Amino acid sequence: MKSYLAAAVQMTSLPDLEKNLVEAETLIELAVRQGAELITLPENFSFLGKEEDKVAQADAIALQSEKFLKTMAQRFQITLLGGGFPVPVDNTKVYNTALLLDPNGVELVRYQKVHLFDVNVPDGNTYQESSTVMPGDQLPPVCHSETLGNLGLSVCYDVRFPELYRHLAYKGADILFVPAAFTAYTGKDHWQVLLQARAIENTCYVIAPAQTGRHYAMRKTHGHAMIVDPWGVILADAGDQPGVAIAEINPTRLEQVRRQMPSLEHRVFI
Ligand SMILES: O=C(O)CNC(=O)[C@H](CS)NC(=O)CCC(=O)C(=O)O
């Protein structure tokens, strides 16, 4: 593993596939120009709209999203995470899928979101992700990269389930991805705390690309795409506007923190 720059992209995705891919390309290019070699896109980067519209367009969204990710990875010679997009299972359900590609555009790993957001948020919004999404039934993968370290996948609401990240740490993860579309209401109190907790308890970097702002009707997300170091320090925070949070991933810092706080070695249960 070497030292390198990673980017967490922050977008305001809309119910418009073409527009979102144009915005994502602009932000990827911005991150590349700043030297990022690992670039991560948030959950719903290619489409954020009503559940029924997402399912109706799922074939096109899945096809275009994969093609886009492959093209971007190759063109810019980057490792690229597509943080979550629908991949059809049948006519009524999709998997909320995260996909990691290498700089040749070759698929490294994929993950189907396991924990679905079926929650009545006290701001009046009701989320019933399971009405259109089939939960994955596999634990998320860790991708072992010689140069970038061991990369562990997850998606959004997963961040509330620490056992998933302990599994990733057990499998050797150095870096945890948490691509998200966190609600504005829950995000203001929970987002940063949860990311810092996952970083500290697993002594891992956390890279969390995010959605921000108003997407349609009542849907507002929290923003604050960020990169957290293994001590829990926030290295970069994209605020509440579209943009990129960029920070150095440094193996020496990772070793130092794991020496100073060897809690992973003191695990008793898992
Ligand atoms: O808002 C939208 O339409 C897009 N959001 C999503 O697609 C997903 C599934 S509904 N959001 C989350 O998982 C939010 C979790 C969260 O916010 C929390 O755990 O508090």
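Before I start, one term: I call a pair of N or O atoms within 3.5 Å a polar contact. I also note that this is a predicted model.

**Entry 1: contacts.** I looked up Lys113 and found a polar side-chain atom 2.9 Å from an oxygen atom of the ligand. For Asn44, a polar side-chain atom lies 2.8 Å from a ligand oxygen atom. Thr186 also brings a polar side-chain atom to an oxygen atom of the ligand, and here I read 2.6 Å. Then I checked the cover: the ligand taken alone exposes 500 Å², and the protein buries 97% of that.

**Entry 2: the shell.** How many residues surround the ligand? I count 15, and the closest are Asn44, Lys113, Arg160, Thr186 and Arg219. By type, the shell divides into 7 nonpolar, 3 polar and 5 charged residues.

Entry 3: Which space does the ligand take? I found that it is the largest pocket. About 450 Å³ of space lies in this pocket. I listed 32 lining residues, and those closest to the pocket's centre are Glu43, Asn44, Glu51, Tyr127 and Arg219. Next I noted the elements that give two or more residues to the lining: helix 2 (51-56), strand 3 (79-88), strand 4 (94-101), strand 7 (126-128) and strand 13 (219-222).

How values were computed: Residues are numbered from 1 along each chain as its sequence is written. This is a predicted model: local features need pLDDT of at least 70, side-chain atom pairs count only at pLDDT 80 or more; totals for chains, interfaces and linings use all residues. Side-chain values use heavy atoms; hydrogens and water are left out. A residue is near a molecule or strand if one of its heavy atoms lies within 4 Å of it. A polar contact is a pair of N or O atoms within 3.5 Å; within protein, one must be able to donate a hydrogen and the other to accept it, and residues adjacent in sequence count only if both atoms are side-chain atoms. Accessible areas come from the Shrake-Rupley method with a 1.4 Å probe; for residues, only the protein chains shown count as cover. On a 1 Å grid over the protein atoms alone, a cavity is a set of points where a 1.4 Å probe fits but cannot get out, and a pocket is an open set with protein on both sides within 12 Å along at least five of seven lines; lining residues have an atom within 4 Å of a point. A molecule sits in a cavity or pocket if more than half of its atoms lie within 2 Å of its grid points. Ala, Val, Leu, Ile, Met, Phe, Trp, Tyr, Cys and Pro count as nonpolar, Asp, Glu, Lys and Arg as charged, and the others, Gly among them, as polar. Grid points are joined across faces, edges and corners, and a volume is the space filled by probe spheres set on the points. Helices (H or I, at least four residues) and strands (E, at least two) are DSSP runs, numbered from the N terminus.
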